[in-house]
Amino acid sequence: MLKHYENIMIITPILSDDQAKETAKEYENYLIQKKGKIVYQEHWGLKKLAYPIHKKQSGCYHLFEFLLIPNLISDLELKLRQDERILRFLTVKLNKYGIEYAERRRKKFLKKDEEL
């Protein structure tokens, strides 16, 4: 049974914005290959870090919201740990309140895009 997850990753700022998006696309393809389903994703771009990570002061943030079989999460996290382009990541299983909040956040974000 598929469970609902959210993953935020910080990609090294050494890469260009296009390369960071390609890195995120690689993980999107990985999730799809593992029979997962991407619910939503958002590229936040380059942001200043609260503290240095590997002597980097900034990083490209990318958010994934996806459905995946629970025993495949460890494979995803292993792949993220081994990738030198990823500074940090956090994967969280969403409960019903987390899913509800994510839906409200998506609607709010989509509404902002329509206004622009």
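Glu-28 touches Ile-38, Gln-41 and Phe-64, residues up to four places away in sequence not being counted, where contact denotes heavy atoms within 4.5 Å. The structure is a predicted model, in which local features need pLDDT of at least 70 and side-chain atom pairs count only at pLDDT 80 or more, whereas totals for chains, interfaces and linings use all residues. Residues are numbered from 1 along each chain as its sequence is written, and side-chain values use heavy atoms, with hydrogens and water left out.

Glu-28 belongs to helix α1 and, with a relative accessible area of 14%, is buried; here buried means under 20% relative accessible area, exposed over 50% and partly exposed in between, for a 1.4 Å probe and protein chains only. Helices (H or I, at least four residues) and strands (E, at least two) are DSSP runs, numbered from the N terminus. Helix α1 has 17 residues and reaches 24 Å from its first C-alpha to its last, close to the 24 Å expected at 1.5 Å a residue, the expected span being 1.5 Å times one less than the number of residues. Buried in α1 are Ala-20, Thr-23, Ala-24, Tyr-27, Glu-28, Tyr-30 and Leu-31. These residues cover an arc of only 160 degrees around the axis, which puts them on the same side of α1, the arc being that of the directions from the helix axis to the C-beta atoms. An α-helix has 3.6 residues a turn, so residues three or four places apart point the same way. The face of α1 turned away from the buried side carries the exposed residues Asp-18, Glu-22 and Gln-33, while the cover over the buried residues of α1 includes β1, β2, β3, α2 and β4. After α1 comes Lys-35, whose phi is positive, near 70 degrees.

In helix α2 (residues 73-82), the buried residues include Ile-73, Leu-76, Glu-77 and Leu-80. Seen down the axis of α2, its buried residues fall within an arc of 95 degrees, so they line one face of the helix. Among the elements that cover these residues are β1, α1, β3 (56-68) and β4 (86-93). Leu-76 touches Tyr-27, Tyr-30, Leu-31 and Phe-66, not counting residues up to four places away in sequence. The charged end of Lys-79 sits over the ring of Tyr-27, 5.4 Å from its centre; the criterion is that NZ of Lys or CZ of Arg is within 6 Å of the ring centre and within 35 degrees of the ring normal.

The largest nonpolar core holds 19 residues, of which Met-9, Ile-11, Tyr-27, Phe-64, Phe-66, Leu-68 and Leu-76 touch the most other members; such a core is a set of buried Ala, Val, Leu, Ile, Met, Phe, Trp, Tyr and Cys residues joined through side-chain atoms within 4.5 Å. At least two residues of this core come from each of β1, α1, β3 and α2, and α1 gives the most, with five residues. A second, separate core of five residues includes Ile-10, Ile-53, Tyr-61 and Leu-87.

Two aromatic pairs are found in a search of the whole structure; rings of Phe, Tyr and Trp (its six-membered ring) pair if their centres lie within 6.5 Å, and planes under 30 degrees apart count as stacked, over 60 as edge-to-face and the rest as tilted. The rings of Tyr-5 and Phe-66 have their centres 5.9 Å apart and their planes at 25 degrees, so this pair is stacked. The pair links distant parts of the chain, with Tyr-5 in strand β1 and Phe-66 in strand β3, 61 residues apart, and both Tyr-5 and Phe-66 are buried. Trp-44 and Tyr-61 also form a stacked aromatic pair, at 6.2 Å centre to centre and with 25 degrees between the planes. Trp-44 lies in strand β2 (residues 37-53) and Tyr-61 in strand β3, so the pair ties together parts that are 17 residues apart in sequence. Trp-44 is partly exposed, with a relative accessible area of 36%, whereas Tyr-61 counts as buried at 18% relative accessibility.

Glu-42 likewise lies in strand β2 and, at 11% relative accessibility, counts as buried. Leaving aside neighbours within four places in sequence, Glu-42 is in contact with Tyr-61, His-62, Leu-63 and Phe-109.
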